[in-house]
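Trainee: I have a fold to work through. Can you take my questions one at a time?

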Amino acid sequence: MVFGDGQLIGGIRLAHERAPAVWLWNVTPAIPSAPFGEATTLEVAKQRFSAEWEAFKAKCGPEKLAKAFAEMNWANRPDRYRW
């Protein structure tokens, strides 16, 4: 998981199911055109994630991101599955 300012913003993982294994990364706010991709090394995945996240933030703007984060946080709240 990747966090920015205490907020979950995406993920990077090694996809062992691929041959050869690759690093997959994605930005998680549910906004159309959220970036994702792959890389051959973790360092390259981190660099690409960071660059794409900054571009995505600039494109979306703070209001749209705040709304997406509020929806994500509501869906992922700790008490969601308590009866």
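This is a predicted model: local features need pLDDT of at least 70, side-chain atom pairs count only at pLDDT 80 or more; totals for chains, interfaces and linings use all residues.

Trainee: Which pattern does the protein follow along the sequence?

Mentor: Start with the inventory: 4 strands and 2 helices. Read along the sequence, they give β-β-β-β-α-α.

Trainee: Which strands are the edge strands of the sheet?

Mentor: The 4 strands form an open sheet with antiparallel pairing, in the order β1-β2-β3-β4. An edge strand pairs on one side only.

Trainee: How many bridges join strand β2 to strand β3?

Mentor: Strand β2 covers residues 7-15, and strand β3 covers residues 22-27. The two run antiparallel. G10 stands opposite V27 in β3. The count of bridges joining β2 to β3 is 6.

Trainee: At about what angle does helix α1 run to β3?

Mentor: Helix α1 spans residues 42-60. This helix lies across β1, β2, β3 and β4. Its angle to β3 is about 15°.

Trainee: What percentage of the residues is buried?

Mentor: Buried means under 20% relative accessible area. The protein has 83 residues, and the buried ones make up 29%.

Trainee: What share of the accessible surface belongs to carbon and sulfur atoms?

Mentor: The accessible surface of the protein comes to about 6,000 Å². Carbon and sulfur atoms hold 58%.

Methods:
Residues are numbered from 1 along each chain as its sequence is written. Side-chain values use heavy atoms; hydrogens and water are left out. Buried means under 20% relative accessible area, exposed over 50%, partly exposed in between (1.4 Å probe, protein chains only). Accessible areas come from the Shrake-Rupley method with a 1.4 Å probe; for residues, only the protein chains shown count as cover. Two strands pair if DSSP finds at least two bridges between them. Contact means heavy atoms within 4.5 Å. Axes are lines fitted to C-alpha atoms, for helices over the stretch in contact, and angles run from 0 to 180 degrees between N-to-C directions.
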